[in-house]
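Morning, everyone. I'll take one model and go through a few pieces of it. Please have the structure open.

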Amino acid sequence: MEESDSVESLCSSTTTRSDRSSGTRVSDTELRSKGRAIEKVYKDPSKGELPLLPEEHVQDSAKDVTYICPFIGPVRGSLSVTNYRLFFRCTDREPVFGLDLPLGVLSRVEKIGAATSRGDVSYGLACKDMRNLRFVHKEPEDSLKKSVFEVLMKFAFPVSNNMSLFAFEYKQVFPENGWKVYDPLAEYKRQGLPNESWRISKVNDHYELCDSYPAALVVPVTITDEELRRVSSFRAKGRIPVLSWIHPESQAAVVRASQPMVGQNGRRCKEDEKLLQAIMDANAQSHKMFIFDARPSVNAAANKMKGGGYESEDAYQNAELVFLDIHNIHVMRESLRKLKEVVYPNIEDSHWLSNLESTHWLEHIKLILAGALRIADKVESGKTSVVVHCSDGWDRTPQLTSLALIMLDSHYRTIRGFQILLEKEWLSFGHRFQQRVGHGDKNHTDADRSPIFLQFIDCVWQMTRQFPAAFEFNEYFLITILDHLYSCLFGTFLCNSEQQRLKEEVPKHTVSLWSFVNSQLEEFVNPLYVGYPSHVLFPTVGIRHLQLWVTYYIRWNPRMRPQEPVHQRYKELLAKRAELQKRVEELQREAANRTASSSSERAGSPTRSITPVQTFV
Amino acid sequence: MICSGFFVTSGEVEFCSANPILKYTQDDLSQRGVFGTLFCTNFRVTFISDEKPQEKTDKTFKNKLYGENDIPLMCVDHIYGVYDEKRKLITGGLVKNKYPSKMIIHCKDLRVFQFSLTFSKEEDAKKIFQGIAHHCLEEKSLKCVFAFSYMGTPSPEMQWKQETVMFDSPEDWTQEMKRTKANCRLVTENENFELSQRLPKYFVIPLTIGDLFSYQGKGLPIWCWSHYSGCALFKASFPPVTQEDGDFQKHLDTMINAVAHNHLYSVKTEDLSESLPNIQDIQQSYNKFKQFFLIENSTDFWLSDVKWFSSLESSGWLDIIRQCLQKAVEVVECLEKDNTNVLITEEEGTDLCCVISSLAQIMLDPYYRTLMGFQSLVQKEWVAGCHAFLDRCNHLHQKDKEYHSPVFLLFLECVWQLVHQHSPAFQFSETYLTVLSDSVHVPVFSTFLFNSSHHRESVMKAESPLAQSGPLSCPTVWDWSVQFDSKAQNFFFNPLYLEKVKHDRAVRKPHKPKHQRNLSLPSTAFKTPPKKGFFKDETDSLKKMLRVKRLSRWRGSPDAPAATTREFFESWQHRPLDYHGLLLPCLDGPAVHIWMQRYLRWIPEVYILGGGSVAVMTKLMELLSQVQDLKRVLEQRDSSQAAKLDHRPYFQHRLLSFDSSGRLSSSFPFAYTCYRSFKPIIPTGLMQSLMVTDSLASQEDEASSVVSFV
């Protein structure tokens, strides 16, 4: 038993959150407790113990596999492949070494070079989570027998092999059903919608207006469904301007859309113009409006050649167009590729800073945060409504709107609020997760893949660094989301749109990530959370304050151990206080019993001065 | 004229003044500002606004000696004049001609002031400009430093100073030797500096050294610290290489053998001037580095934001920090893992020797991670150890640049890296380090004014006015009450500090082996397996003799040390972390950071309004005080135990209440931002920052298969 624990502590599928300040590895106990909730143990005397999930089955295993670890050198051990994960373990070294990763994180598995004279073959595994693994294994002498890596290739890319993703087989039951976290009508109701200016339209109930939009859309009351249909033919992919969020006081709205199909001839659409005017009119505080085009102006102009473009000032008077200069998915993909080169496996210390700069990763983060900041500023300080779009409105647009919403509305900084934000801005509004991540698809060079969502989570992390007390969730929560973005254990990030998810009956056949998260919230809570309810957060976007998210991007490097001494220390103090409080109360009770006759009570009783910490602002 | 009550310090005399002067507000480009009077005194340059001070938030962290509009003369770094839109560095020559329309002052604590001189009378403007330039830039004598006019009354709150070991008496040294169980000899023969004026008044050397008087004490190995195993760290000065002759080589060999005799006849020597950048390199690198933080306006800021990382790298400052920490880790490895004596050498033996030996001691000995311990360490290695503060800090504006170098600041930078990486191990906070780095340029303290013990003593004696009231006594920097009231001093303590748990240790860390002084883990697990070879145990000392011969060739190849210290670090990292044991820094690129608090605190563009660590620290402090309160209640109730009241500083955290911590900025407690300016800082010129020129940028947003434009 002890052995398997230490393997878990080293395993890499579930994020290890080792915290050295406590003196022991916290991850051990954390993972163990988590393990109990979801895993049963597969016992095989020859292979040791392998924790298995419900419906997880070992497909193949092999002994004498060598893992070429870039940090500690070659490690010999046994390797098992299930329909969910790859599990490698080496027992003949101290401490026990293990690798445990969901097959979903693999983007590429390939044989490297030919077999050596000894019959050894090298396999390279490229992962979506910033690492590359390399194994060496003897080819089976019987050429009919498949090597364990061939089995791996089959199960790593189920979609390409006409099999279903593991999420559809995994049948764990959690106390809470995460699919019920987001109810669009309840969320709009929280925002005070519908109201006298905005209505909830059923025009997209059957996804006929726009197949990548959700069913419930909030639009100005003065615009009819018929007019919306006409607008949809003028906006790329039919993604019309609809409300995302409304300011509770000023009624300034954040509206999202795709680019207008202006084309080279400068086409116009009077319903679209009317819709934008109506959005402006719905906010009595301002006679102006801002249209934020996330793209660099050059790219926006280039889109005209292909029928797209941006709003002209003639057609949309009173609207000011601002370009936010954020680059497209291909630039972002390339930037992350460079970043991986710089951080994995080895870091060149003396040129670390210039290497980091050459990836442009943090500059992209800066531009996205700066864009969201400008949107939030216009809504909060300028009390003006804003329309945000990029080309199709499903990549840069959700990055910007959801970050602006986090700045503006403290609800989205809670754990549940953040889940709602993701369900709403990303999932229901059709960020193409299947395409961008490529779940179960072996086509690793697909140009549609791009780390757009990762980039957004990175921006959120940057904000949590700048406002350590303003978010209810901790870093581990964000890393868990990213790990399960790739794992294909949960149904949350499958498919490209709400419509597709309903068609595939994803909520019926899979478990939501939020079921898992909300069943063990204490893991994800930031103990320092203060939660200023009415505060707007304006982060600093200067590159001096942006940091590389080392505990995510460089977490595989054993030298870069994560440490959270503040949180750890705070938890210890909370425990200490609780213990002392209990003792004080006991003593007080005792004293009260002893001097029951006396009415004298100590002035300045200490319990009075102790306020619950969570309410302190 | 300065109205009464203006002087914060007695002994201050006004030189000149001018009115009206416009002081530009830093946070915008609009050329707006505040009118007021600019003064120059023997202590500072100060600006007093004509406007009535607004209702200000009560500053919890106020320096009693100088305020936000005061620049101590010593703190002025450079003065620029703007002549017809052209910015020129002011040097002696320019002063005589004409005065500029605008004067820009860069301070050593990285503040930037901009004054317009065009509104006051020509005569006044000329006078104040020349006055400031003269008093801040011209070479002057030590006697002109304000400390010699300062007549601050010694404050009653002297307890801190008293707890800091000053290492100015034989008892302090004896005590320190006892504490570390050193087996060395205290030298009192230099009491009157007959041996050498460059050596400390008292110092400690290996037992076997008999001859003290040759070569004016050059090459004498001076004891720094003893490891619990018995091996010890020594430092020594070296003559210039050219002076090498046979006799001297013999002398050195004697010295090295004496060090080796200290423990098991083993020694490793390291010539720091060979393996680390010299003080001029350090100075040049810092000069480049600090420019990135002396920001005059927003445009400059956003421009410098663009190539931020490569600019930082080109300054080389972070790399120098890394090299120093790396060297200190190597020294620690020798002491901790190999249990050999270490002798570090350098030309003077009072610059990088101080940096490396102090760092090694902080890593090895948890005492030096407490506030008092740290101050004692600075006294031991730097002040009593004869670091040439006066020359290195260039307090007197000498033209000879060869001797200037921010060596002490470099040391504080390295300590900050340790504090940043292992916060719970340190009793003091980064605010403490920042304040200490500022205090170097406050011309009131005796601590940073002299080049050696001999220098300090001779000047202090000479300056004593007719010896009526005994020798001149200016305060040491450790008397923090001169600068801060006790409330503000709370910021010096790190609420994350994990105090040593004495009683229930066995419960909390069951598998942690005990050892004598709890300094660090026993080194059995650290030890690399014994190397196979001819040498058996009995020939061990012979082997070590041979090692002695490899003087200063210790780890000659550049790659080797990094590799073995890497191993040392990793084996340390694999064990449970004990904050009261050995502490090693991670030196990989991403782990070395900029000391944000010190360098970014005055730049409004990077203030995180409502963010930063204030809120977290407030919560921690509050919780701590609650725990302390509860403890006290329990102790009071539990009268049978008659427990003593606990006088730890945490008690006072109760006094702190930032009702608006949600709205303080990240630069707290240094710069305060007004509430009205709660607006986001939107960067300008974004596209300049990122011109992606490759074909990807112009690629279609969707892969061609998906695009279906009408």
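**One helix, one helix pair, one chain**

Start with helix α5 of chain A, residues 225-234; this is a predicted model. Its buried residues are E227(A), L228(A), V231(A), S232(A) and F234(A). Why do they sit on the same side of α5(A)? Because they cover an arc of only 155° around the axis.

Next, a helix pair. Two packed helices are described by the angle between their axes and the distance between the axes. Take α12, residues 415-428, and α15, residues 475-487, both in chain A. They pack at an angle of about 30°. Their axes are 12 Å apart. Angles under 35 degrees count as roughly parallel, so α12(A) is roughly parallel to α15(A). The crossing of the two, α12(A) and α15(A), is right-handed.

Now the residues at that contact. From α12(A) come I415(A), F418(A), Q419(A) and L422(A). They meet F477(A), L478(A) and I481(A) in α15(A). By class, the contact of α12(A) with α15(A) has 6 nonpolar residues and 1 polar.

Last, chain B as a whole. Chain B has 710 residues, and 59% of them are buried. Its secondary structure comes to 24 helices and 14 strands. Now take the contacts in chain B with a separation of 6 or more. Of these, 74% are between residues 24 or more positions apart.

Notes: Residues numbered from 1 in each chain as written. Chains lettered and ligands numbered in written order. Predicted model: local features only at pLDDT ≥ 70, side-chain atom pairs only at ≥ 80, totals over all residues. Heavy atoms only, no water. Buried < 20%, exposed > 50% of the residue type's maximum accessible area, 1.4 Å probe, protein only. Helix = DSSP H or I, 4+ residues; strand = E, 2+ residues; numbered from the N terminus. Arc of directions from axis to C-beta. Axes fitted to C-alpha atoms, helices over the stretch in contact; angles between N-to-C directions. Parallel < 35°, antiparallel > 145°, perpendicular 65-115°, else oblique. Left-handed = near helix turned anticlockwise from the far one by under 90°. Contact = heavy atoms within 4.5 Å. Nonpolar A, V, L, I, M, F, W, Y, C, P; charged D, E, K, R; others polar.
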